[in-house]
Amino acid sequence: MENLRETLMLLSDLQEKDIKIEELKNKIEELPKAIEQKKQELSNVKIEFGNKKAEYVRLNSLKNEKETLLSAKESIIVKHTGDLNNVKSNDVYKTCLLEIEKAKADKSVIEDEILQLMEDIDKEVVILKQHEITLKNSEVDINNDIKNMESSIGKMKEELSNMKNDRESFSKNINANILSQYERIRENRKGLGLSLVDGDSCGGCNMVIRPQLINQATKCQELVYCDNCSRILFNKKDVI
Ligand SMILES: [Zn+2]
């Protein structure tokens with residue numbers, strides 16, 4: 001039989017390739033989730049901007065209401081000023097003058113309110129412009145991140161396919177019987193078919209191994225398996 005130690009060294013190298021392939025596969029699977037998160041982040045930033053805009057909208061509609069009220073007061077003044085020329089009784093004349101005075105006083109209050117609102121709106125516009133710049137910057141940053149992640153998915157898939165090809169050709173150097181055992185075990189053991197002896201324990205399941213088994217795994221005269229996890233045991237370090 002060919003040198004078992006050499007075969008197990010090859011198998012150990014193959015397992016390292018398999019581990020790297022699994023890691024890359026996981027990364028590729030994680031990326032779409034990360035992209036989704038970025039998209040969510042972008043939509044949150046937009047919602048936040050919408051909320052900031054709400055104050056500006058509220059002030060504007062308040063200003064519109066005040067302007068409608070102002071023109072109503074102006075109509076009252078115009079109407080009663082017209083009436084003044086036609087009234088016959090002194091009492092009605094006085095009432096008309098009072099109405100005009102009252103409307104003028106109201107008008108003056110409303111005008112002050114409108115001026116204050118215009119000032120507040122101007123301030124909001126400045127704040128909103130700053131937020132708009134922040135939004136645009138975040139939008140650019142997030143979209144760049146998304147673009148980079150999408151392009152790295154492509155690159156990673158290409159890398160994965162190269163790694164798989166390399167793995168396939170490398171595995172042809174390994175004894176077919178041992179390779180098929182390894183494949184079978186790794187299917188059931190979280191992707192690891194081979195366990196390296198680590199001190200007095202199994203590197204796969206961390207359980208203590210019987211000294212006799214360590215001895216056999218070190219001698220490499222036959223295939224030995226961990227009593228606990230059933231992986232192929234290999235003592236890479238100690239050559240006898
Ligand atoms: Zn084990």
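**Why is it called that?**

Q: Why is Leu192 called partly exposed?
A: Leu192 has a relative accessibility of 24%. Buried means under 20% and exposed means over 50%, so at 24% Leu192 falls in between and counts as partly exposed. Keep in mind that this is a predicted model.

Q: Where is Leu192 found, and which residues is Leu192 in contact with?
A: Leu192 is in the loop between helix 3 and strand 1. Leaving aside neighbours within four places in sequence, Leu192 is in contact with Gln15, Ile19, Ile185, Arg186 and Arg231. Leu192 and Leu4 are 188 residues apart in sequence, and their C-alpha atoms are 19 Å apart in space.

Q: What makes Lys190 exposed or buried?
A: Lys190 has 81% relative accessibility. The cut-off for exposed is over 50%, so Lys190 counts as exposed. Lys190 also sits in the loop between helix 3 and strand 1. Its phi is near 45°, a positive value in a residue other than glycine.

Q: And Cys220: what makes that one buried or exposed?
A: Cys220 comes in at 9% relative accessibility. Buried means under 20%, so Cys220 counts as buried. Cys220 has its place in the loop between helix 4 (211-219) and strand 3. Phi of Cys220 is near 60°, again a positive value in a residue other than glycine.

Q: How do you know that the span of helix 1 agrees with what it should be?
A: Helix 1 covers residues 4-84, which makes 81 residues. At 1.5 Å a residue they should span 120 Å, and the end C-alpha atoms are 120 Å apart, so the two agree.

Q: What makes Asn3 a cap for helix 1?
A: A side-chain oxygen of Asn3 lies 2.8 Å from the backbone nitrogen of Arg5. A polar contact needs the N or O atoms to be within 3.5 Å, so this pair passes, and Asn3 caps the N-terminal end of helix 1.

Q: Why is Ser12 called buried?
A: Ser12 lies in helix 1. Its relative accessibility is 4%, and buried means under 20%, so Ser12 counts as buried. Not counting residues up to four places away in sequence, Ser12 touches Leu194, Leu196, Phe234 and Lys236.

Q: How does the reach of helix 2 compare with the expected value?
A: Helix 2 has 82 residues and reaches 116 Å from its first C-alpha to its last, close to the 122 Å expected at 1.5 Å a residue.

Q: Why is Glu159 called partly exposed?
A: Glu159 lies in helix 2 (residues 90-171). The relative accessible area of Glu159 is 42%. Exposed would need over 50% and buried under 20%, so Glu159 is partly exposed.

Q: What makes strand 2 and strand 3 the edge strands?
A: Four strands form an open sheet in the order 2-1-4-3, with mixed pairing. Strand 2 (201-202) and strand 3 (224-225) each pair on one side only. Helix 3 (residues 176-188) packs on the sheet and touches strand 1, strand 3 and strand 4 (232-234).

Q: Why is Gln181 called buried?
A: Gln181 lies in helix 3. At 13% relative accessibility, against a cut-off of under 20%, Gln181 counts as buried. Beyond neighbours within four places in sequence, Gln181 is in contact with Leu223, Tyr225 and Ile232.

Conventions. Residues numbered from 1 in each chain as written. Predicted model: local features only at pLDDT ≥ 70, side-chain atom pairs only at ≥ 80, totals over all residues. Heavy atoms only, no water. Helix = DSSP H or I, 4+ residues; strand = E, 2+ residues; numbered from the N terminus. Expected span 1.5 Å × (residues − 1). Polar contact = N/O pair within 3.5 Å; in protein donor to acceptor, adjacent residues only side chain to side chain. Pairing = 2+ DSSP bridges. Contact = heavy atoms within 4.5 Å. Axes fitted to C-alpha atoms, helices over the stretch in contact; angles between N-to-C directions. Buried < 20%, exposed > 50% of the residue type's maximum accessible area, 1.4 Å probe, protein only.
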